[in-house]
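Me: I am new to this structure. Please show me how to read its features, one at a time.

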Amino acid sequence: MNDMSSQIDTPEKLIESLAMAGRAAQRMLARASDAKKAGALRAAASAIREDTSAILEANAEDVSAGEANGLSGAMLDRLKLDGDRLEAIAVAIENVASLPDPVGEEIDRSQAPAGMTLVRRRIPIGLIGIIYESRPNVTADAAALCLRSGNAALLRGGSEAVHSNRALHAAFARGVESAGLPADSIQLLPTQDRAAVGAMLKAAGLIDMIVPRGGKGLVARVQADARVPVLAHLDGICHTYIHAAADPAMAKDIAINAKMRRTGICGAMETLLVDAAFPAAGDVLSAIADAGCELRGNSRAQAIDDRVKPASAEDWDTEYLDAVLSVAVVDGLDDAMEHIAAHSSGHTDAIVTGDDAAAERFLAEVDSAIVMHNASSQFADGGEFGLGAEIGIATGRLHARGPVALEGLTTYKWQVLGQGQARS
């Protein structure tokens, strides 16, 4: 624990202290102007650029520790920052600053039977707790989205990126404060003690929503223990189905990109479904294997390329986050959608086909947060959707689904405008 956490008797008292400070800051954010919040984000981006050397030094310490602790190549890729990635973080913050302010937006207006005017307007959720692993860019993305939408944030990053997160947070908070908004708008939990996470999850009445962003174990713990509403971001068991009518060159390009562009992100393809009637299955599987990917498949996939190893039952339900891919040959669209229904995590699933009717059925019937036609699942990202950044990909069914950005971080209230009505 650092100095602050060591001065407070219990994790519960620590969370209470941080939450009270965050809630006080949020009341100021809620009434801050569009220009004020946008200016604070631009100042935060500038502060991150100014602290580039310190942030990269902190990140190098985390990467070195990760290598010593045996983190996989994919996990190290998620963790590592360089000048280009840090500049991309600063640009993403500026992109969020340029987005329309959702706070105060009129959702709809209607007339009540008694004659009052009813207006629904967007308002911030309040204090949002975000628990995440490995990726230091989440520190900046989450901070930017929360502040832009008028929310305060209490961040708890993974121990793998502890030094990177602290350096990024320090720069971000300095920028926000320099622009006249409270530094406590964005707080980073000052300890890696797991008991503090438990205290966050039980802080009903202090924290208004928890967003877990990480592996299946993290999300399962949050959902099991939380007494605070949870916006769940589950694992990304993403499928790409190559239909019989797919263009062979397009299918090959999409499949390679969906798996191999970055294997450690949640939008990476983990299972490839190939229609038995698709004529170029061998070319696609060969190209993926040649790109350095291990293939594990059913017997029909193994018959196409001898580099395909037998898949176990667990493979169809595994998020590898590595250069490993499950492959199944299926009999048509219905068979593909049955496989997806049985094994998808509801994150992102895609079809490659030139048959518009097949595509329309897939888009309508596959019940995932994101469904795609003729595009790589690696586009499952708030920035690519024009949202500036994202808190995560919500895979549940309540409040928000898919990339959660500004709108997903707001709720609404009713404003009732009367002319003296009294109910009989």
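Me: How many aromatic pairs does the structure hold?

Reply: Keep in mind that this is a predicted model. The structure holds one aromatic pair. Tyr 412 and Trp 414 form it, with 6.4 Å from centre to centre.

Me: Which kind of pair do Tyr 412 and Trp 414 form?

Reply: Look at the angle between the ring planes. Planes over 60 degrees apart count as edge-to-face. Here the angle is 85 degrees, and the pair is edge-to-face.

Me: Is Tyr 412 buried, partly exposed or exposed?

Reply: Partly exposed is the class between buried, under 20%, and exposed, over 50%. Tyr 412 has 39% relative accessibility, so it counts as partly exposed.

Me: Now the helices. At what angle do α6 and α7 cross?

Reply: Helix α6 spans residues 83-98 and helix α7 residues 137-148. Their axes come within 10 Å and cross at roughly 10 degrees. Angles under 35 degrees count as roughly parallel, so α6 and α7 are roughly parallel to each other. Their crossing is right-handed. By class, their contact has eight nonpolar, one polar and two charged residues.

Me: How do α3 and α8 pack?

Reply: Helix α3 covers residues 34-50, and helix α8 covers residues 162-178. Their axes lie 7 Å apart, at an angle of about 135 degrees. The pair is therefore oblique. The crossing of α3 and α8 is right-handed.

Me: Which residues of α3 and α8 meet?

Reply: Among them are Ala 40, Leu 41 and Glu 50 in α3, and Leu 168, Phe 172 and Arg 174 in α8. The residues of this contact divide into 10 nonpolar, two polar and two charged.

Conventions
Residues numbered from 1 in each chain as written. Predicted model: local features only at pLDDT ≥ 70, side-chain atom pairs only at ≥ 80, totals over all residues. Heavy atoms only, no water. Axes fitted to C-alpha atoms, helices over the stretch in contact; angles between N-to-C directions. Helix = DSSP H or I, 4+ residues; strand = E, 2+ residues; numbered from the N terminus. Parallel < 35°, antiparallel > 145°, perpendicular 65-115°, else oblique. Left-handed = near helix turned anticlockwise from the far one by under 90°. Nonpolar A, V, L, I, M, F, W, Y, C, P; charged D, E, K, R; others polar. Phe/Tyr/Trp six-rings, centres within 6.5 Å; stacked < 30°, edge-to-face > 60°. Buried < 20%, exposed > 50% of the residue type's maximum accessible area, 1.4 Å probe, protein only. Contact = heavy atoms within 4.5 Å.
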